[in-house]
Amino acid sequence: MVSSLSKKEGQKKDKKQKDNNKELYRIMYVFCGLFLLLCGYLSYFLVFKSREAINNPYNLRQESMEKKIVRGKILAAGGEVLAETVLEEGKEKRVYPYQDLFSHVVGYSIYGRSGIEQKYNFELLTSDIPFYEKLYGEFMGKKDPGDQLVTTLSLPLQQAAYNAMGEMRGAVVVLEPSTGKVLAMVSKPGFDPNKILEQWDQWNSEENTESVLLNRATQGLYPPGSTFKILTALEYIRENPSAMEDFTYQCNGIFSYHNAEINCYHGKSHGTLDFTSAFAKSCNGAFAKMGIGLSIPGWNRLCQAFLFQPQLSFPLACEPSQFVLAENAPDWEIMQTAIGQGKTEVTPLHNALIAAAVANGGVLMKPYIISEIQTAYGATIKQFFPSVYDKVMSTEEAEILSKLMAACVVDGTGYAAYTDKYTVAGKTGTAEWEKQKEPLSWFVGFAPVENPQIVVSVILEEAGAGSEYAVPVAKKIWDAYFMRD
């Protein structure tokens with residue numbers, strides 16, 4: 001009897017021991033899992049987020065870097081110096097030789113940072129000169145020269161865009177469609193980054209309504225007006241494959257549907273239109289009619305594919321463009337959306353990317369602005385290459401849109417861009433945005449049509465019709481590009 005009890009007690013002890021071991025194993029597995037998660041996050045942080053943290057203006061590590069390294073130069077694609085640090089009376093001073101010409105894209109590095117100065121702060125405060133030179137500098141008490149950045153920006157095109165805008169407010173973006181290179185980016189009104197110390201309070205005062213520090217090219221959200229008809233046309237063609245042959249519309253200046261009305265610009269009557277002439281003459285009535293018949297879910301999917309809503313993959317600060325249209329939207333809102341009004345908003349950079357996708361056979365490239373990181377002596381450390389966002393439309397669809405945009409210039413609202421020196425495809429836009437103000441003037445396009453090399457996006461605030469104001473600005477830029485010596 002005793003033996004039997006002892007055996008049972010032993011079994012109970014063994015079971016209890018096994019249960020305790022299982023609990024210990026569970027705890028051990030949890031801690032191992034947490035440790036692996038911590039290691040994974042640290043690896044992710046070091047690879048993807050460390051530079052972002054270092055670039056934060058509140059990170060004190062920057063101060064230690066600035067004590068040891070002279071901030072590197074920023075260069076244009078042709079080698080021209082856009083920003084450099086010089087010594088004046090024994091003190092370092094950041095100098096911008098072209099004053100306000102590159103102000104928004106290059107940025108500033110005092111009172112915080114902006115533009116390239118902010119995004120690539122880590123690179124500019126890193127020195128990759130030979131070790132023995134660093135050792136010698138340390139011994140002599142001298143700071144090391146920082147690495148320099150070579151941008152994709154073209155000085156002649158930047159100057160052409162700046163001059164073409166004159167005193168008008170707005171922005172211009174110039175892209176190479178096959179690569180995504182940003183060749184020029186101008187925002188007005190601008191500022192002279194050399195005068196940050198003297199004018200900072202004035203530029204940031206409540207009385208100043210000009211928003212001179214805002215980069216309108218990437219942070220300005222505007223209704224796209226009729227430039228959005230590029231996407232309305234694409235969705236309509238997808239849902240109606242025979243549209244190019246079968247579509248007809250009789251325009252008398254007003255399109256009425258139920259209790260909603262859409263007027264053509266200044267109430268102009270366009271007469272009998274096919275699909276091409278409706279696009280070329282930018283007939284609001286024809287596109288409002290198209291919009292009423294479109295699948296709203298399909299339209300939303302199209303705009304998401306063209307990067308509405310998500311943050312653009314671009315080094316500088318960007319506002320995400322918006323396309324908002326619910327399935328139960330009222331008729332008037334659908335009609336307004338079809339002509340680029342409603343709740344749709346887009347940045348000039350984004351509008352340039354849409355035109356670039358058409359120019360590039362339906363392939364949308366990621367925009368980039370730095371081509372190379374070099375040592376202070378010009379040796380290459382890192383190169384940046386073109387990368388693809390996605391193929392957002394078929395080659396056939398891109399060809400159709402290209403022909404429509406070419407017709408807009410040859411025999412439509414974009415005629416002011418026409419020349420016998422090169423061919424142009426584009427789309428004008430005139431957008432209402434604030435009451436009691438003149439409309440926005442838009443134009444997006446590319447040239448030459450048969451072999452697109454350069455895309456231009458122009459937005460002018462409170463200017464008037466896109467055909468009268470934005471188109472001539474774009475033409476001056478193309479002239480500078482194609483007629484250069």
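Serine 282 lies in the loop that connects helix H12 (275-280) with helix H13 (284-292), where helices (H or I, at least four residues) and strands (E, at least two) are DSSP runs numbered from the N terminus. The model is a predicted one, in which local features need pLDDT of at least 70 and side-chain atom pairs count only at pLDDT 80 or more, while totals for chains, interfaces and linings use all residues. Residues are numbered from 1 along each chain as its sequence is written, and side-chain values use heavy atoms, with hydrogens and water left out.

Most residues other than glycine have a negative phi, and most peptide bonds are trans. Serine 282, a residue other than glycine, has a positive phi near 55°. Its relative accessibility is 12%, so serine 282 counts as buried (under 20% relative accessible area, with exposed over 50% and partly exposed in between; 1.4 Å probe, protein chains only). A positive phi of about 50° is also found at glutamine 99, which is not a glycine. Glutamine 99 belongs to the loop between E4 and helix H3 (103-106) and, at 48% relative accessibility, counts as partly exposed.

Serine 282 is also one of the residues nearest the centre of the second largest pocket, together with Cys264, Tyr265, Asn284 and Thr430; 28 residues line this pocket in total. A pocket is defined on a 1 Å grid over the protein atoms alone as an open set of points where a 1.4 Å probe fits, with protein on both sides within 12 Å along at least five of seven lines, and lining residues have an atom within 4 Å of a point. The space in the second largest pocket is about 640 Å³, the volume being that filled by probe spheres set on grid points joined across faces, edges and corners. Strand E11 (260-263) and strand E17 (425-431) each contribute at least two residues to its lining.

Two cis peptide bonds are described here. Lysine 188 and proline 189 are joined by one with omega of about 5°, and proline 189 falls in the loop between strand E8 (182-188) and H8. Alanine 447 and proline 448 are joined by another, with omega of about -15°; proline 448 falls in the loop between strand E18 (440-447) and strand E19 (454-460).

In helix H8 (residues 196-203), the buried residues are Ile196, Trp200 and Trp203. Viewed down the helix axis, these buried residues fall within an arc of 85° and so line one face of H8, the arc being that of the directions from the axis to the C-beta atoms. The face turned away from this buried side bears the exposed residues Glu198 and Asp201. Trp200 and Trp203 also join Tyr108, Tyr111 and Phe191 in a cluster linked by ring pairs, for which the ring centres of Phe, Tyr and Trp (its six-membered ring) lie within 6.5 Å.

An open sheet of mixed pairing is formed by six strands in the order E4-E3-E2-E6-E14-E15, with pairing requiring at least two DSSP bridges between two strands. E14 (residues 370-374) pairs with E15 in the antiparallel sense over three bridges, and isoleucine 373 stands opposite lysine 382 in E15.

Technical notes
Rings of Phe, Tyr and Trp (its six-membered ring) pair if their centres lie within 6.5 Å; planes under 30 degrees apart count as stacked, over 60 as edge-to-face and the rest as tilted.
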